[in-house]
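Subject: Structure handover

Hello,

Here is the structure for you to look through. My notes follow below it.

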Amino acid sequence: MAVDALKVNGLQKSFGKNYVLRGIDVTMEPGSVTVLMGANGAGKSTLVKVICGHHRADGGSMTLAGQPFDPADAADAIRQGVVTVHQSIDDGVIPDLDVANNLMLDRLVERSHGLFVRERHLRAEAAKVAAEMGIEVNLRARVSDLSVADRQMIAIARAMARAPKVLILDEPTSSLSATEADRLFALIDRLREQGVAILYISHRMSDIRRIADRIIVMRDGAISGTFDTEPLDYEAAVTAMLGHRMTEVDVTVQSGSVPVLELADLRLTQGAAPINLQARDGEVVALVGLLGSGKSRLAEILYGMAHPASGGVRINGTVYTPSSVEDAVAQGVFMSPKDRGTNAVIPAFDIADNMTLPFLKGLSVGSFLKASRQKTRAQEMVSQLGIVCQSVTDGIGTLSGGNQQKVMIARWLLEPAKVLLLDEPFQGVDIGARRDIGRHIRATAKGRATLVFLAEIDEALEIADRIVVMNEGAIVGEHKNQNVDLGALVADISGAQSTATGTHP
Amino acid sequence: MNDRLLDFAIRYGFLILLFGLIVYFSIAAPGFFGPLSAAFVLQSVAITGILALGVTCTLVVGGFDLSIGAVATSALMLSAYSMVILEHPTVVAVFLCLGMGALVGLINGLLIVKFRVPDLLATLGMMFLLIGLQRIPTQGNSIATGMTLTDGTVAEGTFSAAFLWLGRHRFDVVIERLLPMPVVIFIGIAVLIWLFLGFTRHGRLMYAIGSNERAAALVGTPVNRYKIAAYMISGVTASIGGILLAARLGRGDIASGNNLLLDSVAAALIGFAVLGAARPNAFGTAIGALFVGILLQGMTMMNAPYYTQDFVKGAVLVAALVFTFYLSSRRSGTGH
């Protein structure tokens, strides 16, 4: 290609005394996928924000298809052909409108559109866009009723309606299951063929392996490595990101002592196969499976948010039937939910208040809170988990994603649990924080049974003693985390050995 | 430097403005600075302040209570009906009103958490319902001793001295008969709500619900119970306001209390701006009520016509909201 789609030269940006970007050079070619990697705080999001017009650069220059590019604001960047799909998908769609209207929204904004909406015409156009993108959903469905993956597809399709030269995807798979992510990758492949330059930001090695043409690694506000010769050297990229070599995490497999949690003939839904599972004291069990495999349902049942169709749960031998979340917590079953932004973080609170929220009763005298005790307890966890903050009274919003997640995990380590449930604890977390969390969960595992719900095999291999695979509401495989036969594990997850009906909607 | 200035402005701007107002009026309006004038200001904001403290609790859990004005006027009418027509003793009348406030709060809460009616709509409906309901027993008439009832008899009861004492008694502070009872009750409730919201675990959990309800529920907070409790607090404080109003007026005046809702909501929202809290808080609400009272008192003493009052209140509210939302968003927007 003669002209680069986007060229960034010596870009600089600082906030006060904090130099976030120290002279970044990036070149992106049309029809290629550039993956941007970097630990939290490396400056990735700032770079993206400068490119998409949220921030003005302090120094350096950018050219878009050979022309000087200096967007005044986000709308200007979009007009010039740089479109960004942000991490929070709902920024990109209008949940209360149907799919067709969402896809055509940008046309409706155009002044030339005229006053009245021609319903038939609009639907026909929408159908055309959807077909081009390979989106197979009912165009009359309300977007709020769709799955996360479909909403994401629509957000991207909307972005594509503006025929961008550069498309930026910020952690697009962080809330997608593996099958959903596959559909996204197929879409990215198609866009690549159309000659769009794609900047893809992700932490997930599996994503990166799947789609990267080149990898750019950022560290401390500078480019610490560019990898563009086939085959891409992923290990070197991780090394460039962390500053030291990625070593395989050694899990000393524990088989646990006495059984703590016992599921006996538990049916998640009417007609599902019965589940029998034991989790023992000191053992970390990873439950892996695709979206719809029933692992979320199982977590909800154990945490008192739903009731099983039949069967029973025992904890330390006594029957456990929680009536509510409150009841579950009172009985020593704690859960750190997935999607911390919606399910866990209290944005108005500081670190100490966020962390101690479930156990305020024990930290107060009468009904009055002892702020000093809250702070000491939080401070202990901060040092144990290596949470990077200036003080426990900092707002939770000042922390990076990885550190926020550490606070959310620490919340449930404050008091001893009988059963600890962790639903996607590594979501949107950089590798460094992920290792810290995994290490700490394993180090404190004694005295409780720990269940970790995961979609990624890599993550399961890092944290678990035993990997239990779920598919369609049933347990279909169990692997001790020692010389795991990866082929068999993947086959279990995708349900390969059963009749290959496929789980596509 | 700019950031620090902005931070300072957000934090103390409103208090400095309040202080500036006091200084200005003290110089410009002779007689403004003094215990009598201060007591008058406090008297004028006591009842709206009490209502505003209640609505603050509903704002904390991310809700809103539009029915407080109607609850207050209902309590006004109920206390008059109870004492003048049914000839109940003071204690019975007071507890009837408090019970009514709690019941209305409970119904509001249930409408919102059980029947999933959005808070604004549920309490708006309740407001209408109460405005209508309080007129039915007296065919839309005000209640006063000596009025003729529908069955031809004459209302013989009176407001007892003990009841009127609640609204009219003045304590000797600095000057004899200076501090009115409603002000003492206002300050007492303000301190209680301030302690409750700011320093108890219940208050902390209520703030958590207001900030991220789902996250609060997932740590085991009984979200529905706290929400209902917030509306019940709001109902009870509103009924206290109504009792004090009745005790001050000494009659069940159907037309009084019209401005209570808007004034108290304004005080609570102005409170967002105090100390840069950017969220509902009891101290801010009390200061917000006081701010409006001082401004109006000063203007009145400088002969501003009464009909400009609502305009001024509205302007203060809009300014405070800009203060809260625009400046704080800029503050959080600059950091990364």
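Into which domains is chain A divided? There is domain 1 (6-242), and there is domain 2 (259-344 + 412-494). These bounds come from an automatic or database domain assignment. The centres of the two domains of chain A, taken over C-alpha atoms, are 33 Å apart.

Before you read on, note how the structure was made and numbered. This is a predicted model, in which local features need pLDDT of at least 70 and side-chain atom pairs count only at pLDDT 80 or more, while totals for chains, interfaces and linings use all residues. Residues are numbered from 1 along each chain as its sequence is written, and chains are lettered from A and ligands numbered from 1 in the order in which they are written.

Confidence

The complex has an ipTM of 0.86 and a pTM of 0.78 from the predictor. Chain B has a mean pLDDT (the predictor's confidence in each residue, from 0 to 100) of 90. In chain B, 97% of residues reach 70 or more. Confidence in chain B is lowest in helix α13 (residues 309-334), with a mean of 77. It is highest in helix α4 (residues 90-113) of chain B, at 97. Helices (H or I, at least four residues) and strands (E, at least two) are DSSP runs, numbered from the N terminus.

Where the chains meet

Contact means that C-beta atoms, placed from the backbone, lie within 7 Å. By that rule, 23 residues of chain A are in contact with 20 residues of chain B. On the chain A side, α10 (325-330), α11 (340-343) and β18 (368-369) each supply at least two residues. The largest share, three residues, comes from α10(A).

Nonpolar cores

A nonpolar core is a set of buried Ala, Val, Leu, Ile, Met, Phe, Trp, Tyr and Cys residues joined through C-beta atoms within 7 Å. Buried means that 20 or more other C-beta atoms lie within 10 Å of the residue's own; exposed means 12 or fewer, and partly exposed is in between. The largest core has 183 residues, and A:A286, A:V419 and A:L421 have the most contacts inside it. Helix α10 (residues 223-249) of chain B gives the most to this core, with 15 residues. A second, separate core has 68 residues, including A:A77 and A:I156.

Among the residues that A:A286 touches, not counting those up to four places away in sequence, are A:V452, A:L454 and A:I463.

Best wishes

Conventions
Contact = placed C-beta atoms within 7 Å.
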